[in-house]
Amino acid sequence: MTTATLEKSPQAKPAKQKVMLVEGNEAAALGVALARPDMVAVYPITPQSSLVEHVAKLIADGRMDADIVDAEGEHSVLSVLQGGALAGARTYTATCGPGLAFMFEPYFRTSGMRLPIVMSIVTRDGITPQSVWGGHQDAMTVREVGWVQVYCETVQEVLDTTIMAFKIAEHHDVMLPVNVCLDGNYLSYGTSRVELPEQAEVDAFMGVKDVNWHVALDPLRPMAVDPLTGGSSGRGPSTFVRYRKGQCRGMQNSLRVIEDIHEEWAQRFGRRFAPLVEEYRLEGADYAIMTLGSMTGAAKDAIDEARDAGRRVGLIKIKTFSPFPVDALMKSLDKVQAVGVVDRSVGFRWNCGPMYQETMGVLYKLGRHVPSMSFIGGLAGADITVGHFHRVIEATEKLLSNPAPTEPVWLNEKD
Amino acid sequence: MAMFGGAYNTIAFDAAQCDGCGDCMTACATVKTGTVDKTRSRIQIVDSADDGFELALCRQCGDPKCVTVCPAGALTKDGASGVIDWNAAKCVDCLLCTVGCAYAGIALDAGSGHVAKCDTCDGAPACVPACPHGALKYITTSRIYNEVGDWEDLFAPGLAGCQGCNTELLMRHTLRRVGPDTVLATPPGCVPGMGSVGFNGTTGTKVPVFHPLLTNTAAMLAGIKRQYKRVGREVNALAIAGDGGASDVGFQSLSGAAERNEQMLFMVVDNEGYMNTGMQRSSCTPYGAWTSTTPVGQGSGGMPSQGKTQDAKNLPLIMVNHRCEYVATASTAYMEDLYDKLDRALEASKRGFAYLHVYSPCTTGWRFPTNQNMEVARKAVETNFVMLWEYNPRDGLQFTRPVDDPLPVTDYLKAMGRFRHLSPDQISHIQSKVVENLAFVKQMAHRQSA
């Protein structure tokens with residue numbers, strides 16, 4: 001199941017759900033509360049701050065039973081949670097941008113220790129140039145560190161995915177930390193109607209908590225955690241290699257687990273989200289544009305208008321960016337003759353967007369030439385409007401007959 | 001059942017009080033031989049080279065050479081009392097024991113034709129009350145060693161410290177005291193470098209142990225402790241960290257955990273640099289010290305490189321200013337003082353943040369002979385280069401071993417190679433800093449105790 005529509009599944013039995021009007025940061029906080037973590041550690045940073053403020057208030061009001069640690073910085077935030085997880089706690093935090101950069105040292109280690117910590121990245125562009133606004137540069141910069149990373153499109157998807165993230169992370173075939181990425185500004189502060197699942201229904205969905213069965217710091221189960229492994233001397237690097245290989249296996253397993261858990265979510269709560277890759281009006285399309293995150297809403301509107309105008313264009317949205325859903329994306333790309341990829345961040349090394357770079361790898365595996373091009377937009381919180389997407393569609397359509405440009409198109413360059 | 005028994009007792013001698021009157025010898029001879037023949041006394045006061053007196057007496061050694069060399073099994077160490085017993089029925093009168101003893105504590109008693117030695121008169125030595133000047137005392141020694149010997153050593157045999165390093169001693173004592181219901185954090189440095197966390201699937205520790213990052217020890221331990229508190233389990237959170245990680249790159253997480261009063265015992269083993277990685281400078285390295293990143297050289301422009309150019313950061317005083325539940329300095333040369341502090345720190349760690357800063361000389365990095373560790377540690381205290389004190393918010397700061405008549409700091413500096421290059425100006429800088437630091441801590445002791 002790699003494609004999905006927003007229609008409710010026919011066999012779904014929607015539970016009784018409270019309807020609220022909330023911003024994305026509050027939706028994430030409500031999702032966290034429903035997942036019942038034992039411990040959250042927080043340090044504020046724009047545009048994440050209101051998320052942890054909501055979490056703190058939920059705890060202060062007795063609506064969430066978790067130990068909250070107001071740590072002195074993101075580095076300690078994640079370190080506290082590593083300790084908590086090793087002692088058996090379900091754990092959560094959120095950060096972005098410079099906070100994620102500061103956190104990098106324990107961030108790298110979390111996936112290596114296979115700790116199922118959930119962390120929202122309220123995505124923010126990288127500094128410098130100085131900016132406090134949205135952009136995917138932070139999350140893209142750490143895409144090669146062994147965390148599962150999923151990107152949300154809507155506020156409802158933020159709430160639902162935040163809950164699902166705990167179950168994905170703690171699945172015994174995965175045991176990896178998960179980032180739920182929600183676009184700074186657009187999803188963090190964007191206010192929408194959401195349906196709030198019942199606690200009892202979420203409890204039934206989550207099942208029994210079991211987060212440190214594989215590694216623990218517990219006097220009842222004494223073990224040495226992360227002793228030095230061999231390298232060029234002694235017993236050699238085989239232990240190290242086995243651990244790395246296990247991480248990769250966990251990442252690959254997560255593709256199936258993410259699909260299964262999204263399906264279970266749809267069955268229980270009546271809301272179906274594409275787990276890996278979403279196709280939108282791709283049937284009968286000659287070419288496609290690719291999107292990630294909240295920009296997809298405007299892109300879908302542009303696709304609708306273009307289709308009405310007779311253009312044979314469809315849309316492919318990535319939800320799960322890490323691990324990259326190679327097989328699922330390959331199936332979608334196999335349906336088109338050209339593709340334009342819109343990134344909200346920069347890949348400095350290839351002079352294109354990072355998602356475009358990943359897509360080129362998938363296109364190579366397709367075994368036939370599919371012309372493609374990179375668009376970079378929405379940096380530093382810039383809006384990618386329906387108008388911008390019409391430019392994307394027009395430029396991509398030209399790939400069917402003209403040579404592909406060698407430079408990326410910078411969508412907001414003259415805004 | 002105790003492995004070593006209770007505390008051991010011995011007869012202590014204060015040479016400064018002794019006038020050589022010989023009353024002790026008379027008392028001993030009377031009790032043991034029924035004569036007043038001082039030559040038959042088992043305690044002998046003899047002239048010393050400096051016109052004073054020395055004591056020749058059995059010290060009831062912990063590692064007695066007389067017992068080792070005896071070919072007949074006539075000498076045995078009593079596990080309960082600590083007294084070395086002589087068995088007349090087994091003795092073959094070979095006198096090898098008298099050669100083996102460095103203290104002249106066992107000698108031929110011409111009157112009996114056998115060796116004789118002190119047996120402490122079954123715990124009430126006749127010599128002690130006989131001394132008119134109070135030069136002899138019957139005291140309990142090594143209480144802690146005997147108690148600690150009865151607790152389980154929670155490190156495995158075979159940790160690989162440098163020869164002459166006392167950190168292994170410190171670690172083993174500490175974990176024995178803190179006990180098995182403990183999670184131990186040992187950030188990168190000498191402590192895990194010895195193999196405490198382990199290599200390739202083996203470990204040197206019998207309690208849960210881990211490498212935090214160099215930077216996040218206090219934060220990770222806080223998370224562990226909090227989760228056990230949440231589920232109602234009593235688990236000790238213990239860090240044994242180096243000075244580099246604590247005072248430099250790990251300082252933020254240390255300070256943050258102290259400010260939040262996280263419940264843990266954070267021990268810093270201060271060897272004044274990054275000794276495990278090759279003796280680089282840390283902010284705890286003292287002024288003037290050679291390290292591999294503050295080397296000694298000709299320099300340029302007539303300005304020679306003469307070791308570290310800044311004074312050490314005083315980390316324990318910084319921790320006092322966090323108003324921790326407990327802060328203390330300690331030295332491996334004063335284990336009883338250290339043990340008292342370990343007790344109080346462990347107790348305080350059940351309420352909040354407890355910090356113990358242990359000065360630990362590094363034979364490899366400080367460049368002194370491997371048999372000089374305790375001597376160097378002791379000299380640091382005797383010169384006031386290092387001060388031993390403790391603090392809690394209720395009683396303030398108090399010296400635990402005040403040194404009112406300190407030796408000149410050169411007595412400490414000359415004991416090791418890392419200060420060999422110092423100029424007279426550098427030495428006077430260090431001496432003036434010792435005076436300044438003492439005044440500062442005294443002021444704190446006065447203010448906070450008032």
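Me: What makes E5(A) and strand E7 (residues 178–183) of chain A a pair?

Reply: Six bridges join E5(A) to E7(A), and they run parallel. Two strands pair if DSSP finds at least two bridges between them, so six bridges qualify as pairing. At one spot, A:Val118 stands opposite A:Val178 in E7(A). One caution: this is a predicted model, where local features need pLDDT of at least 70, side-chain atom pairs count only at pLDDT 80 or more, and totals for chains, interfaces and linings use all residues. Residues are numbered from 1 along each chain as its sequence is written, and chains are lettered from A and ligands numbered from 1 in the order in which they are written.

Me: What makes E5(A) mostly covered?

Reply: Six of its six residues are buried. Buried means that 20 or more other C-beta atoms lie within 10 Å of the residue's own; 12 or fewer is exposed, in between is partly exposed, and C-beta atoms are placed from the backbone. A:Val118, A:Ser120 and A:Val122 point one way, A:Met119, A:Ile121 and A:Thr123 the other way, and all are buried. In a regular strand the side chains alternate between the two faces of the sheet.

Me: What makes 18–214 + 247–269 of chain A domain 1?

Reply: An automatic or database domain assignment sets the bounds. In chain A, domain 2 is 277–410. The C-alpha centres of the two domains lie 27 Å apart.

Me: How many residues of each domain of chain A are in contact?

Reply: 26 residues of domain 1 are in contact with 21 residues of domain 2. Contact means C-beta atoms, placed from the backbone, within 7 Å. H9(A) gives the most to the domain 1 side, with five residues.

Me: Which residues does the contact between the chains take?

Reply: The contact takes 35 residues from chain B and 37 residues from chain A. On the side of chain B, H8(B) provides the largest share, 10 residues.

Me: How do you know that strand E9 (residues 224–225) of chain A pairs with E10(B)?

Reply: Two bridges join them, and they run parallel. The definition asks for at least two, so the pair qualifies. A:Val225 stands opposite B:Phe210 in E10(B).

How values were computed: Two residues are in contact if their C-beta atoms, placed from the backbone, lie within 7 Å. Helices (H or I, at least four residues) and strands (E, at least two) are DSSP runs, numbered from the N terminus.
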